[in-house]
Amino acid sequence: EVNFGTVGRGTEQARQVKLLFSGEGPLSLRSISNANRNIKVTAEPTKDGGADRVIEVALLKAMPPGPFYDAVQLVTNQKTVSIPVFGRVAGDLSTEPPQVSFGIVPRGRGAERILRLTNSGQRPIKVLSVSSSSPSVAAKAEETKPGREYKITVELSRGAPQGQVRGQLLITTDDPQEKSLSVFFYGIVGSLSS
């Protein structure tokens, strides 16, 4: 896997992966593909001139803020190899913590967590809305420092069904560079034992 970690917006970085071949017969790399147009992938033979390849995965400057995921597919005459690529581009807006964990919540109890949204950019911003991908989780934003900081209260409802709760919050802002920010949440309603 290729993990870029957290990188600043407008940063171009590259990581290398070696495709090593220890099998019999010739190895030929037929194609390389990936879905994200802000990730460029190239392959070069290793310096020893054998069948091994050096795969360079480059994160381009145009990658928008937020988490990103991709999979590089290397099709050879032997087999197809998939390389997961992921990371996060940090813009002017950030949340602390970066994700919401409800942990294990007894059924019928509910839970509340607090996020802090911070704007480190030059321009003040307004949070226009906060929505949730799960009907069991709701959130609201409250401005604490005008244009600079918001307190976001995230609530897991008492009526949440037993089992895993997973999803994301979508924070919509008036910032032209970062119109939205996603925050993942997860937890378990009930207990680990059945």
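This is a predicted model: local features need pLDDT of at least 70, side-chain atom pairs count only at pLDDT 80 or more; totals for chains, interfaces and linings use all residues.

Trainee: Is K126 buried, exposed or partly exposed?
Mentor: Buried means under 20% relative accessible area, exposed means over 50%, and partly exposed is in between (1.4 Å probe, protein chains only). K126 has a relative accessible area of 47%, so it is partly exposed.

Trainee: Which residues does K126 touch, leaving aside neighbours within four places in sequence?
Mentor: Contact means heavy atoms within 4.5 Å. With those neighbours set aside, the partners of K126 are Y150, T172, T173 and D174.

Trainee: How far apart in space are K126 and S31?
Mentor: Along the sequence, K126 and S31 are 95 residues apart. From C-alpha to C-alpha, the gap between K126 and S31 is 45 Å.

Trainee: T173 came up as a partner of K126. Is T173 buried or exposed?
Mentor: T173 belongs to strand β14 (residues 163-173). Beyond four places in sequence, its contacts are L93, I125, K126, V127, L128, E178 and K179. With a relative accessibility of 4%, T173 counts as buried.

Trainee: Which residue's backbone oxygen lies 2.7 Å from a polar side-chain atom of T173?
Mentor: A polar contact is a pair of N or O atoms within 3.5 Å; within protein, one must be able to donate a hydrogen and the other to accept it, and residues adjacent in sequence count only if both atoms are side-chain atoms. For the side chain of T173, the backbone oxygen at 2.7 Å belongs to E178.

Trainee: What about T118, buried or partly exposed?
Mentor: T118 is in strand β10. Its contacts beyond four places in sequence are D92, L93, S94, R148 and E149. Since its relative accessible area is 24%, T118 is partly exposed.

Trainee: Where is S134, and which backbone nitrogen does its side chain reach?
Mentor: S134 lies in the loop between β11 (127-132) and β12 (137-145). With a relative accessible area of 13%, S134 is buried, and it touches V165 and F185 when residues up to four places away are not counted. At 3.1 Å, the side chain of S134 reaches the backbone nitrogen of S136.

Trainee: How far apart are the C-alpha atoms of V137 and E155?
Mentor: V137 is in strand β12 and is buried, with a relative accessible area of 4%. Not counting residues up to four places away, V137 touches F102, S132, V154, E155, L156, V165, L169 and F185. V137 and E155 are 18 residues apart along the chain, and their C-alpha atoms are separated by 5.5 Å.

Trainee: What relative accessible area does V57 have?
Mentor: V57 is in strand β5 (residues 53-59). Leaving out neighbours within four places, its contacts include V2, F4, I39 and V85. V57 is buried, with a relative accessible area of 0%.

Trainee: Which peptide bond is cis, with omega near -5°?
Mentor: Most peptide bonds are trans. P97 is in the loop between β8 (93-96) and β9 (100-105). The cis bond with omega near -5° runs from E96 to P97.

Trainee: Zooming out, how many helices and strands are there, and what is the radius of gyration of the chain?
Mentor: The chain has zero helices and 15 strands. The radius of gyration is taken over C-alpha atoms, and the globule rule is 2.2 Å times the number of residues to the power 0.38. For 194 residues that rule gives 16 Å, and the chain is well over it, so it is more spread out than a compact globule, with a radius of gyration of 22 Å.

Trainee: What share of the residues is buried?
Mentor: The C-alpha atoms fill a box of roughly 60 × 50 × 20 Å along the principal axes. Of the 194 residues in the chain, the buried share is 35%.

How values were computed. Residues are numbered from 1 along each chain as its sequence is written. Side-chain values use heavy atoms; hydrogens and water are left out. Helices (H or I, at least four residues) and strands (E, at least two) are DSSP runs, numbered from the N terminus.
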